[in-house]
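Here is a short briefing to read alongside the model. Keep the viewer open and follow the topics in any order you like.

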Amino acid sequence: KLEILEFPDPRLRKVAESVTEVTDAHRALIDDMFETMYEAPGVGLAATQVNVHERIVVIDVSEDQSEPLVLINPEVEVLDAEIHKYDEGCLSVPGFYETVQRPRKIRLKALDRNGEAYAVEAEGLLAVCIQHEIDHLDGKLFVDYISPLKRNRIRSKLEKAHRQRA
Ligand SMILES: O=C(O)C[C@@H](Cc1ccccc1)[C@H](O)SCc1ccccc1
Ligand SMILES: [Zn+2]
């Protein structure tokens, strides 16, 4: 199991580097990321969250852990800019949920765990999750879409919790 960084850790703000070659080491990391995500539990996890700054994401929005999706060097194009609102959470901002607006329908292009290119169209929870995870690779968090007042309240509460944990 991998340790998940928590807001406001500055390492969550690093922009991840593209993967030039998908190696066995990447595949081992991907397996560890799936194990960590399922145990959390979560439906997505970005390498940034486990302090690996490469453009790698794992997702599984199925109910029974049956649809694992690997996204290496993911890119998104908007197919329908109509806004979809969703109360987002984040394993790096535990215990807080806020409404975030994102484009409703997207096309994802990425490499799979073997380095093969693929493309899928997504809407609903999968589209939200893909966009949420790619934000992580760009050093962005869902709390960046809410008011500074709300974000600072969340920051203070998590910093207090981290002090008590140490
Ligand atoms: O990136 C993460 O921290 C995992 C996120 C992924 C996610 C956020 C918002 C909306 C969809 C996915 C979640 O914490 S995973 C927990 C979860 C489980 C079911 C539905 C939504 C979120
Ligand atoms: Zn997140």
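What percentage of the 166 residues in the protein is buried? The share of buried residues is 42%. Please keep in mind that this is a predicted model. The notes below go from the overall fold to the zinc site and then to some backbone details.

**Fold and overall shape**
- The protein has 3 helices and 5 strands, arranged along the sequence as α-β-β-β-β-β-α-α.
- Its radius of gyration is 16 Å, close to the 15 Å from the globule rule for 166 residues, so the protein is as compact as a globular protein of that length.
- Along the principal axes, a box of roughly 45 × 40 × 30 Å holds the C-alpha atoms.
- Of the contacts between residues at least 6 apart in sequence, 66% link residues at least 24 apart.

**Surface and charge**

**The zinc site**
- Three residues coordinate the zinc ion (ligand 2): Cys90 through SG, His132 through NE2 and His136 through NE2, at 2.1 to 2.3 Å.
- Along the chain, these donors have the spacing C-x41-H-x3-H.
- Cys90 sits in the loop between strand E3 (69-88) and strand E4 (98-111), while His132 belongs to helix H2 (residues 124-137), so this pair ties together parts 42 residues apart in sequence.
- Both Cys90 and His132 are buried.

**Cis peptide bonds**
- Most peptide bonds are trans, which makes the next two worth a look.
- The bond from Phe7 to Pro8 is cis, with omega near 5°, and Pro8 lies in the segment before H1.
- Ala40 and Pro41 are also joined by a cis peptide bond, with omega about -5°; Pro41 is in the loop between H1 and strand E1 (44-46).

**Positive phi angles**
- Asn51, in the loop between E1 and strand E2 (56-59), has a positive phi near 60°. With a relative accessible area of 32%, Asn51 is partly exposed.
- Asn73 is part of strand E3 and has a positive phi of about 50° without being a glycine. Its relative accessibility is 18%, so Asn73 counts as buried, the cut-off being under 20%.

**An exposed threonine**
- Thr20 lies in the segment before helix H1 (24-39), and its relative accessible area of 84% makes Thr20 exposed.
- Thr20 and Ile72 are 52 residues apart along the chain, with 9.9 Å between their C-alpha atoms.

Technical notes
Residues numbered from 1 in each chain as written. Chains lettered and ligands numbered in written order. Predicted model: local features only at pLDDT ≥ 70, side-chain atom pairs only at ≥ 80, totals over all residues. Heavy atoms only, no water. Helix = DSSP H or I, 4+ residues; strand = E, 2+ residues; numbered from the N terminus. Rg over C-alpha atoms; globule rule 2.2 N^0.38 Å. Buried < 20%, exposed > 50% of the residue type's maximum accessible area, 1.4 Å probe, protein only. Contact = heavy atoms within 4.5 Å. Donors = N, O, S within 2.8 Å, 3.2 Å for Na, K, Ca; no water.
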